[in-house]
Amino acid sequence: MLQIEIDSGSGFCFGVTTAIKKAEEELADGNTLYCLGDIVHNGMEVERLHERGLITINHDDMSRLKGVKVLLRAHGEPPQTYSTAEANDIQIIDATCPVVLQLQRRIKRQYDSNPQAQIVIFGKNGHAEVLGLVGQTQGKAVVVENIDDVKRLDFSRDTYLYSQTTKSLDEFHRIIEYIQSHIAPTATFKSFDTICRQVANRMPNIGAFAARHDIILFVCGRKSSNGKVLFNECRRVNPNCHLIEQPEEIDITWLDGVGTVGICGATSTPKWLMEKCRDFIMKHL
């Protein structure tokens, strides 16, 4: 008999839960609500909220809107977004994650105190959270995605290193070690561990979960930065691991000869979607 377990530690993090709750409350009151960018990096959840009336827009769309309500998702936004809202009489419903908001403020204080220093952000170029962080420095912060990017830094300058909240702790520590070994004796280097512990703590837990099962189905939007990190950890522990966005992507032949199936996901994966994947398997066995 095939056993299927859904990881109790997977699913929305606090920031995403709060953003979705705020959207649902506004929509339940019958209000027209716009969201700046996908509310979460999960297409199925975005579609569910679209069906309830949530309208996803981009920054160009927002610049043309007047007198409406716009929700800012958990990833946060640069200062320019708030200026646009004020100029266009837009009511902001701010669902920026408190962890991200605190990080934005730290980076802004650092930049304001020493604009000539090199502020470095370990993160994904173009990611919504990273754009919001870079915006605190008037666009001057340097984004590094890997060690190769780090090699191009100016090690003669005072350098302050931060991280996108959903990045890997191990990678962050490797970057710290590289900068420490290359920074000029005359330059100051400080690093700040700004990785969200809700995300970081999932790494060992999801690794232990992956080790318990013959096959892992990792349910996640392919745009999720956090999802990539957690999926890679699952695959490191258990090579028989598949990333899927929806139940219909499950190939039932994957389960041939399998005794246990583990279903898990990212901080952007809704519990209901993991349950749908379980139900799909049970229906097609």
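Which residues in H1 meet which residues in H2? That was my opening entry, and I looked it up in a predicted model.

**Entry: H1 and H2**

I found Ile20, Glu24 and Leu27 on the H1 side, and they meet Glu45, Arg48 and Leu49 of H2. H1 covers residues 14-28 and H2 covers residues 43-51. I noted that two packed helices are described by the angle between their axes and the distance between the axes. Here the axes come within 11 Å and cross at roughly 20 degrees. Angles under 35 degrees count as roughly parallel, so I wrote down H1 and H2 as roughly parallel to each other. Their crossing is left-handed.

**Entry: H10 and H11**

Next I turned to helix H10 (residues 202-211) and helix H11 (residues 225-237). How far apart are their axes, and at what angle do the helices pack? I read 8 Å and about 40 degrees. That angle is why I put H10 and H11 down as oblique to each other. The crossing of this pair is right-handed. From H10, the contact uses Arg202, Met203, Ile206, Gly207, Ala210 and Ala211. From H11, Val229, Leu230, Glu233, Cys234 and Val237 take part. I sorted the residues of this contact by class and got eight nonpolar, one polar and two charged.

I stayed with H10 and asked which of its residues are buried. My list has Arg202, Met203, Ile206, Gly207, Phe209 and Ala210. Looking down the axis of H10, I see these buried residues fall within an arc of 160 degrees, so they line one face of the helix. A reminder to myself: an α-helix has 3.6 residues a turn, so residues three or four places apart point the same way. What do the buried residues of H10 pack against? I noted strand E1 (3-6), helix H9 (197-200), strand E10 (215-219), H11 and strand E12 (260-265). The face turned away from the buried side carries Pro204, Asn205 and Ala211, which are exposed.

**Entry: Lys190**

Where is Lys190 found? I located Lys190 in strand E9, which runs over residues 189-191. Its relative accessibility is 44%, so I logged Lys190 as partly exposed. I left aside neighbours within four places in sequence, and Lys190 is then in contact with Thr159, Tyr160 and Leu161. I also checked Lys190 against Asn114, which is 76 residues away along the chain. Their C-alpha atoms are separated by 13 Å.

**Entry: two positive phi values**

Before this one I jotted down that most residues other than glycine have a negative phi. Asp89 is not a glycine, yet I found its phi positive, near 55 degrees. Asp89 lies in the loop between helix H4 (79-87) and strand E5 (91-94). Is Asp89 buried or exposed? With 60% relative accessibility, Asp89 counts as exposed.

Then I came to Gln138, which has a positive phi of about 55 degrees and is not a glycine either. I placed Gln138 in the loop between helix H6 (128-134) and strand E7 (142-144). Gln138 has 64% relative accessibility, so I marked it as exposed.

Key
Residues are numbered from 1 along each chain as its sequence is written. This is a predicted model: local features need pLDDT of at least 70, side-chain atom pairs count only at pLDDT 80 or more; totals for chains, interfaces and linings use all residues. Side-chain values use heavy atoms; hydrogens and water are left out. Axes are lines fitted to C-alpha atoms, for helices over the stretch in contact, and angles run from 0 to 180 degrees between N-to-C directions. Helices (H or I, at least four residues) and strands (E, at least two) are DSSP runs, numbered from the N terminus. Angles under 35 degrees count as roughly parallel, over 145 as roughly antiparallel, 65 to 115 as roughly perpendicular and the rest as oblique. A crossing is left-handed if the near helix is turned anticlockwise from the far one by less than a right angle, and right-handed if clockwise. Contact means heavy atoms within 4.5 Å. Ala, Val, Leu, Ile, Met, Phe, Trp, Tyr, Cys and Pro count as nonpolar, Asp, Glu, Lys and Arg as charged, and the others, Gly among them, as polar. Buried means under 20% relative accessible area, exposed over 50%, partly exposed in between (1.4 Å probe, protein chains only). The arc is that of the directions from the helix axis to the C-beta atoms.
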